[in-house]
Amino acid sequence: MNSTDILKKYPENDSSVLIPILQDIQDNFGYLPEDELKKVSSFSKLPMSRIYGVATFYNQFRLQPLGKYVIRVCRGTACHVKGSFDLLQALEHELGIKAGQTTKDFNFTIETVACIGACSIAPVIAINDKFYGGLSVKSLRKILNQYRKSVEVEV
Ligand code: FES
């Protein structure tokens, strides 16, 4: 579906539907591409500054695509007690980005999440849909290196 199809579902010139429109576009594209936001702007007769204002105010919206591998570091209590902050710091250091950011090559994104429901194997991270538990900084580095190698192989 492209954004023209998405916009057809909504009334024109109605600022009250801006958030659902942005949610639909993000569901479709994975983020909010600038070109699509321009279409929203002319459809809704809202200036781009207003649309960017909404898109940056709510942290559910992303203005950049996610990396190929999204690393979610659990920051729930059980994981925190078992050292998840050290894992997060090590990841940030290794990848040269902060939580919420994506590497320049779009291979990795780091996110923090509240309990991801696997407390018995804390501390836990998820890389896309795969869970890794009982981690230490050392074992995390090993796992990260495997993903890095797989990215290099594909290049
Ligand atoms: S606190 Fe991390 S999985 Fe529950």
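**View 1. The residue after helix H3 in this predicted model is Lys45.** Lys45 follows H3 and has a positive phi, near 60°.

**View 2. Helix H3 (residues 34-44) has buried and exposed residues.** Glu36, Val40, Phe43 and Ser44 are the buried residues of H3. Looking down the axis of H3, these residues fall within an arc of 80°, so they line one face of the helix. Glu34, Asp35 and Ser42, on the other side of H3, are exposed. The cover over the buried residues of H3 includes helix H1 (3-8), helix H2 (18-29) and H4.

**View 3. Arg50 sits in helix H4 (residues 48-57).** Arg50 has 13 C-beta neighbours inside 10 Å. From Arg50 to Leu91 the distance is 35 Å, C-alpha to C-alpha, and the two are 41 residues apart in sequence.

**View 4. An open sheet is formed by 4 strands.** The strand order is E2-E1-E3-E4, and the pairing is mixed. Strand E2 (108-113) and strand E4 (130-132) are the edge strands, each pairing on one side only. From one strand to the next, the twist averages 20°.

**View 5. Strands E1 (residues 69-74) and E3 (residues 125-127) run antiparallel.** They are joined by 3 bridges. Val73 has Ile125 as its bridge partner in E3.

**View 6. Helix H6 (residues 84-95) lies across strands of the sheet.** The strands that H6 lies across are E1, E2 and E3. The helix runs at about 150° to E1.

Terms used: Residues numbered from 1 in each chain as written. Predicted model: local features only at pLDDT ≥ 70, side-chain atom pairs only at ≥ 80, totals over all residues. Pairing = 2+ DSSP bridges. Helix = DSSP H or I, 4+ residues; strand = E, 2+ residues; numbered from the N terminus. Axes fitted to C-alpha atoms, helices over the stretch in contact; angles between N-to-C directions. Contact = placed C-beta atoms within 7 Å. Buried ≥ 20, exposed ≤ 12 C-beta atoms within 10 Å, placed from the backbone. Arc of directions from axis to C-beta.
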